[in-house]
Amino acid sequence: MIRRYIHLPILLSLVLAACGGASTPLAGDPPAATEQAQASTRTPAEAGTALSPTQAAPTTVLPAWLSGPFVEVTSGQTLTAADFQGKVLLVETMAIWCTNCRQQQGEVRTLHERLGERDDLVSLVLDIDPNEDAAALKEYVAARGFVGWYAVAPAEVAAALAREYGPSLLNPPSVPMLIVDRTGEVHLLPYGAKSAEALAEALAPYL
């Protein structure tokens with residue numbers, strides 16, 4: 001009789017230990033139970049959970065001044081921000097009377113000849129002289145065989161360029177140029193004439 005009471009505490013401790021370890025799958029558990037226990041510890045990526053719309057990659061946000069609209073003088077097409085989405089833009093401000101601009105646009109033509117036809121690269125040349133119009137700019141482009149999209153910049157666009165990047169953007173002889181990458185970020189290029197080779201090097205990280 002005394003021997004039975006001595007073993008009772010040992011028996012109770014074994015029962016409690018067995019109950020406490022139920023969360024660990026045992027060798028004899030059915031496969032479904034084992035998979036359920038493992039799934040509870042997976043991350044959303046491991047479990048194949050789809051990303052929510054708020055986790056998607058950000059869309060391109062172009063600078064406001066690229067909203068235009070710009071009338072491309074050669075084709076007569078009206079360009080808006082939608083035409084620039086997903087492209088790398090090489091932008092130059094110029095005037096017809098500017099000989100430095102003429103030299104620079106010759107280098108841009110050479111650049112495009114070397115790179116070949118690309119849908120993801122656009123040269124956008126903006127005439128910022130308020131005394132020049134689309135007809136004169138069209139004649140200027142045709143006479144020299146220049147390439148790219150040429151447009152007369154609306155007054156508000158010229159003002160925005162000066163406000164955002166400094167008044168030198170409205171000084172054509174200093175050959176102002178900038179790159180707008182695929183995400184819409186703007187990268188100012190050094191002032192002064194730039195060779196086709198220098199332009200290709202500047203564009204390479206964004207193409």
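Reply: Happy to. Let's start with Arg114, which is exposed in this predicted model, its relative accessible area being 54%. Its salt-bridge partner is Glu197, and the closest N and O atoms of the two are 2.4 Å apart. This pair brings together distant parts of the chain: Arg114 sits in helix α3 (residues 99–115) and Glu197 in helix α6 (residues 196–203), 83 residues apart. Glu197 is partly exposed, at 44% relative accessibility.

In total, the whole structure has 3 salt bridges, and Asp120 takes part in the ones still to describe. Asp120 is buried, with a relative accessible area of 18%, so it falls under the 20% cut-off. One partner is Arg118, with the closest N and O atoms 2.8 Å apart; Arg118 is partly exposed at 32% relative accessibility.

The other partner is Arg182, again with 2.8 Å between the closest N and O atoms. Here too distant parts of the chain are linked: Arg182 lies in the loop between β6 (177–180) and β7 (186–188), and Asp120 in the loop between α3 and β4 (121–127), 62 residues apart. Arg182 is partly exposed, with a relative accessible area of 28%. Through shared partners, Arg118, Asp120 and Arg182 form one network of salt bridges.

Among the cysteines, Cys98 is buried at 2% relative accessible area, and Cys101 is buried at 0%.

Note on methods:
Residues numbered from 1 in each chain as written. Predicted model: local features only at pLDDT ≥ 70, side-chain atom pairs only at ≥ 80, totals over all residues. Heavy atoms only, no water. Buried < 20%, exposed > 50% of the residue type's maximum accessible area, 1.4 Å probe, protein only. Salt bridge = Lys/Arg side-chain N within 4 Å of Asp/Glu carboxyl O. Helix = DSSP H or I, 4+ residues; strand = E, 2+ residues; numbered from the N terminus.
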